[in-house]
Amino acid sequence: MTKKTDRKIKITGTGMYVPDKILTNADLEKMVDTSDEWIVTRTGIRERRIAAKDQATSDLGIIAARRALRSARLEPQDIDVIIVATHTPDHYFPATACLVQAGLKAGLVPAFDVIGGCTGFLYGLILAEGLIFSGAAKRALVIGAEMLTRITNWEDRNTCVLFGDGAGAVVVEESKDDSGMLSHFWQADGNLGPLLIMPAGGSKLPACHDTVAKRQHTLHMKGNEVFKHAVKRMTEAGDEAMKRAGIKKDAVDWLIPHQANMRIIEATGERLGIPRERVYVNIHRYGNVSVACIPIALDELNQSGQLKKGTVALLDAFGAGFTWAAVVLRW
Ligand code: UT7
């Protein structure tokens, strides 16, 4: 759907949190048959953060959310909907968003989770726009919080080198000027779901000794298949979002792509025609933090003063589902 309104939502605060513990490629060399050289050249990742044993996804989300609220100069009671994108909720239920609400001591506002693959944060942002435009909410807290290291098979070198833990959050309100979300594009294709999946733990394969023994509660991925789809779909989404915003690639100050693989990031940037110096990259420091990649990048750019009034950012993601989405923001 193309937007048919001049109304816009805007991000008025950003925050992030990553755990202190760093797992380097050298550490991984001692755990599986891999090398720093392979990981860096094939993925761009040098290190990733690992949550402490007593931390859960909501703990990461709460810290990021508090920082986003502080940056928006708001209190938790000022928020009237909480959306958490995650695949690694504290529990199957209650929703992690409800635990975040309790942890923040926010009001009795609606709170729910979104499972949208690594695209989940952008899905959350687009949902927040709909809620604000409908009058259901004035201010939304959208959080991407993830602990993929809790569903990682640490004996599978194909996947265990890729992921890290972290959270990012934004406060979203209706814009009163010409800044804000200029366009969005979101799609999914469930036919390709089995290529990136945690097979067990749901209604299809409930947890039992057998599923645990077969490590079906961990992330399974056909990496090179996913790779091809990621580049194709992120390119399409980025192009379509720019078209819907009525802008050309030269108007984009920052491409903020999902950080799954440096080669995916570079290929997407090249296909979209956005030069490398305008593509934001932090994969070397955090690995793939799933739904947290984009809000962490937004906060890093915001706190370092690189998002100025009028700066145009193209956010672009792809993930399990498959899902993909892109959003154009004018800061
Ligand atoms: O965030 C959601 C979406 N996720 C993604 O977008 C991830 C997309 N996929 C990727 O990023 C890449 O496909 C990977 C990084 C996962 C893998 O890179 P690749 O270049 O596609 O490698 P491959 O899977 O084709 O494997 C090439 C070789 C294999 O060895 P043989 O069969 O050629 O002898 C693998 O066994 O690399 C081997 N390999 C490794 N070697 C050392 C795979 N993982 C490792 C490793 N260390 N960690």
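**Figure 1. Asp-210 and Lys-214 form a salt bridge, with 3.1 Å between the closest N and O atoms.** A salt bridge is here a side-chain nitrogen of Lys or Arg within 4 Å of a carboxyl oxygen of Asp or Glu. Asp-210 is partly exposed, at a relative accessible area of 42%. In these legends, buried stands for under 20% relative accessible area, exposed for over 50%, and partly exposed for values in between (1.4 Å probe, protein chains only). The structure is a predicted model, in which local features need pLDDT of at least 70 and side-chain atom pairs count only at pLDDT 80 or more, while totals for chains, interfaces and linings use all residues. Residues are numbered from 1 along each chain as its sequence is written, and side-chain values use heavy atoms, with hydrogens and water left out.

**Figure 2. A salt bridge joins Glu-300 and Arg-285, at 2.9 Å from N to O.** Glu-300 belongs to helix H11 and Arg-285 to helix H10 (residues 283-286), so the pair ties together parts that are 15 residues apart in sequence. Helices (H or I, at least four residues) and strands (E, at least two) are DSSP runs, numbered from the N terminus. The two partners fall into separate accessibility classes: Glu-300 is buried, with a relative accessible area of 12%, whereas Arg-285 is partly exposed at 28%.

**Figure 3. Lys-309 and Asp-177 meet in a salt bridge whose closest N and O atoms are 3.8 Å apart.** This pair links distant parts of the chain, 132 residues apart. Lys-309 lies in the loop between helix H11 (293-303) and S12, and Asp-177 in the loop between S7 and strand S8 (180-188). Lys-309 is exposed, with 62% relative accessibility, while Asp-177 is partly exposed at 37%. Both residues belong to a network of salt bridges that also includes Lys-10 and Asp-178. By the rule used here, the count comes to 14 salt bridges.

**Figure 4. Polar contacts link domain 1 and domain 2 in 22 residue pairs, both residues being at pLDDT 80 or more.** A polar contact is a pair of N or O atoms within 3.5 Å; within protein, one must be able to donate a hydrogen and the other to accept it, and residues adjacent in sequence count only if both atoms are side-chain atoms.

**Figure 5. Arg-215 forms a salt bridge with Glu-155, at 3.2 Å between the closest N and O atoms.** Across the interface of domain 1 and domain 2, two salt bridges are found. Arg-215 is placed in the loop between helix H7 (209-213) and strand S10 (220-221), and is partly exposed at 36% relative accessibility. The phi angle of Arg-215 is near 55°, a positive value in a residue other than glycine.

Figure 6. Pro-94 lies in the loop between strand S4 (81-85) and helix H4 (96-104). Phe-322 lies in the loop between strand S12 (312-319) and strand S13 (323-330). Most peptide bonds are trans.

**Figure 7. Pro-257 is found in strand S11 (residues 254-257).** Pro-257 is buried, with a relative accessible area of 0%. Leaving aside residues up to four places away in sequence, Pro-257 touches Met-234, Ile-265, Val-279, Tyr-280, Ile-294 and Asp-316.

Terms used
Contact means heavy atoms within 4.5 Å.
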